[in-house]
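The following note is meant for a colleague who is meeting this structure for the first time. Its numbered points may be read in order, with the sequence and the model at hand.

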Amino acid sequence: MTVADLLSILPQTILEGLLLGFVYAMVALGYTMVYGVLGLINFAHSEVFMIGAVIGLEVFRFWGNPEAPVISNPFLLLLAAIMVAMTGSGIVAVLIERLAYRPLRRRGTKNILVPMITAIGVSFLLQDLTRIYAALRHNEFNMQYRTYDALNAVFMLPMQTTIQVKGIVLIAVSILMLIGLTYLVNRTKLGKAIRAVSQDMQTAALMGINADTIISRTFLIGGALGGVAGVLFGLLYTNVTPYSGVLPGLKAFIAAVLGGIGNIPGAMVGGLVLGQLETLSGTYLPFLTNGNFGTEYKDVFAFLTLVLLLLFRPQGLFGQNVSEKV
Amino acid sequence: MNTLNAMALPLSISLSAVSGLGVLFALLGQPVISGGWFNALLVLAVAAVLALRLPTPWRSGLLALLALTLTLMLRANNEDKIAFYLLLAVLIASFLLPNLTRLVRIALGASILLIAIPLAGLSNSFLFELGIQIGIFAALALGLNLVVGQAGLLDLGFAAFFAVGAYTWGIFGSPQAAQFIGGFPAQGLEGNFLYLFMALAIITAAITGVLIGLPALRLRGDYLALVTLGLGEVVRILANNLDKPLNITNGPQGITPVNRPDVGILADFLRAIGAERIYGRPIDDAIAYAFFFYLLVLVVIGIVLLTNLRLANSRFGRAWVAIREDEIAAKAMGIPLLATKLLAFATGAAFSGIMGAVFAAKQTFVSPESFTLQASIAILAFVILGGMGSIGGAVVGAAAVTVLNLGILKDFSDLLNTWRQTGVSILGYNMSNLPPQLNPAKYERMVFGLILILMMIYRPEGLIPEKRHRVELQEAREEAKEGSRI
């Protein structure tokens, strides 16, 4: 392949990276907010995301059943799917906090491994619960989104770039969500409380903020965003399995670290950067190495980014350097 | 509860006695009670002896009686799974009896492992398979326990070291090496080189441990978990993709056949002691290899255990505990943090590396499938179930989860399948409508997840807690109680 060829696919690659980046950004927000208030890597968030995708899929299946559609307009159907998935994922996230993390907080263990191991356990449990559900409902754990011509229609953009309608929807919805969240965190009373709790839980409690309620709300917001991301992700890639949350979740967490963990604008930028990095390496690595290095190496890139980042700039791109207190 | 305690002794004696007599009568050809009721009675008897508070001499006596009963049952019908699981429980319980001297414990363990299980295994080779799996997982659990439990470093990519060990022998003990090394024997090195490669696997795994540890161990606890998870995945991805440009790992297809050592002597030995009568047919490769790998795994586990025990009581072991308890204080006491942590990583990696080589030879097949994130979390579940930092706990945890996965979940799957085929209806639901995808044997992740969650919430110190851990948790609980009073 000549340089001109490589350059000609660049705009399309960047666009694909943008779509993926928005998904990562929304999932990363869930990680970063929970990390902000609890200092916990919520491994189960990747399953909240996956459950969002499954809920969206079921909405499409039931309400969009071609024989007797409840909602026949695909756009309205998508809207309904997003709403239901938001609610569902938010509730799942809140339940996880209630049932698994809160009992640990009550007991007051100082060991940081305990909540993290619990989070991994919750993540594994949810994967197989979803698998049981999929086995009962679909008799298979590979689930497919319904496809609609209206959503799959292709637009031509300049420079031989194409985008599907669902891609446009993804970008629009994500931007809306990100703006909404920024407003919520910076301009509302709830947002102020979240910021207070993440800065200092005890002092916030002294100021009359009920920390447990705020933590619960944080999980709700993070979960809802994860749910939206799940539906959009499922729509884009059409295939959902109980295990399809793991890798995107992991990468979204890397994105959160990239932007400085606990930092909300940082998570958005981190997601977008990681999306670009992944699609660019996924597209160009096979060409540049004559097909010797397959697309799967893009994951290696993401992980190596994380390692290098943590070694040289552990506070992320935007985070402040926090020294450990003795 | 008091009445129950008062009734404990007579209750368990009578239950055990009745079940013992029942077996005796059944063996004499005069069954007095039907099979189903009898099994229930046995389960009750074992549960009573295990769970109720009994004076130690009585408990040991009853355990011995039950062990004899169950052995007789197994002898009569070696497909009897319930008797087998109960026997395992009784054996573990007798091993955990307090006030036994070390010598008695070792003699007990040796007689179980070297006489009882081989005898049973010769008539039902599933037991060897189970024993080998438990041994392999126990070594992995011991390795991870050293890292997570003793040094307090959460490693979520531990299967990577197992993979390195497995590929070390897998590549050179199979036709694979000839693919990228000119002039290498076409069938790979012959099986007896395995012993050399077990030593080499220790080295390669330890080196991998240092390579992964060097960047990862500079990080804080939670980042360490994430980075090890990532790097563990990187190792798997490399194994999955290194079929180009040089075909080193043969990619996702995996490497097969991996050579196994020569077992002629062992087969001769089995023939000499008349094992054919128990086995029921002439000694063949299958049973000889099963027995061989069982012994090999036992030897390796013995070495690993001994190393681990000696290390735990050494300067290094104490340094690990110090780091786990308080990193900054440990540093102030002059412990070199990175070097000590690296040593923990390398040692843990070495334990799983040597078992990796054995695993490759035993399976005669290596593929990236065996070394996923799920495998890493499974090993973590063994450690957590047994108790973080507890050496005995790691072994018991591995054994319990393996029996659950290989034995009980599989049996449950088979039971569901029979129900499905016969169309039994349970609670008004016709079982033949049950989707075939619903297969409990496939839900290992759920088991691991539940173990992790429940143990962390209800018993974070594990089934067999490390002494220091137990004291600590007690203090924390008392503190919390005081706190809530104020």
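Which residues does Thr256(B) touch, not counting residues up to four places away in sequence? The first point gives the reply.

1. Thr256(B) touches Ser174(B), Thr364(B) and Phe365(B), where contact requires that the C-beta atoms of two residues, placed from the backbone, lie within 7 Å. Thr256(B) lies in the loop between H10 and helix H11 (264–272) of chain B; helices are DSSP runs of H or I with at least four residues, strands are runs of E with at least two, and both are numbered from the N terminus. Because 15 other C-beta atoms lie within 10 Å, Thr256(B) is partly exposed. A residue is buried when 20 or more other C-beta atoms lie within 10 Å of its own, exposed when there are 12 or fewer, and partly exposed in between, with C-beta atoms placed from the backbone. Between Thr256(B) and Ala360(B), 104 residues apart in sequence, the C-alpha to C-alpha distance is 9.5 Å.

2. On provenance and numbering: this is a predicted model, in which local features need pLDDT of at least 70 and side-chain atom pairs count only at pLDDT 80 or more, while totals for chains, interfaces and linings use all residues. Residues are numbered from 1 along each chain as its sequence is written, and chains are lettered from A and ligands numbered from 1 in the order in which they are written.

3. Chain B as a whole has 20 helices and two strands. Its radius of gyration, taken over C-alpha atoms, is 24 Å, close to the 23 Å from the globule rule for 486 residues, so chain B is as compact as a globular protein of that length. That rule is 2.2 Å times the number of residues to the power 0.38. The C-alpha trace of chain B spans about 70 × 70 × 55 Å along its principal axes. Buried residues account for 43% of the 486 residues in chain B. Of the contacts in chain B between residues at least 6 apart in sequence, 75% join residues at least 24 apart.

4. At the interface, 38 residues of chain B are in contact with 41 residues of chain A. On the side of chain B that touches chain A, at least two residues each come from helix H10 (221–241), helix H17 (373–386), helix H19 (444–458) and helix H20 (467–485). H10(B) gives the largest share, 13 residues. Within H10(B), 15 of the 21 residues are buried.

5. In chain A, strand S2 (residues 154–157) and strand S3 (residues 161–164) pair in the antiparallel sense over four bridges; pairing requires that DSSP finds at least two bridges between the strands. Phe155(A) has Ile163(A) of S3(A) as its bridge partner. Three residues lie between the strands of this hairpin, where Met159(A) takes a positive phi near 60°.

6. Lys166(A) belongs to helix H7 (residues 165–187) of chain A. With 22 other C-beta atoms within 10 Å, Lys166(A) is buried. Not counting residues up to four places away in sequence, Lys166(A) touches Leu151(A), Asn152(A), Leu235(A) and Leu236(A). The C-alpha atoms of Lys166(A) and Ile261(A), 95 residues apart along the chain, are separated by 30 Å.

7. Helix H3 (residues 45–63) of chain A is mostly covered, with 15 of its 19 residues buried.
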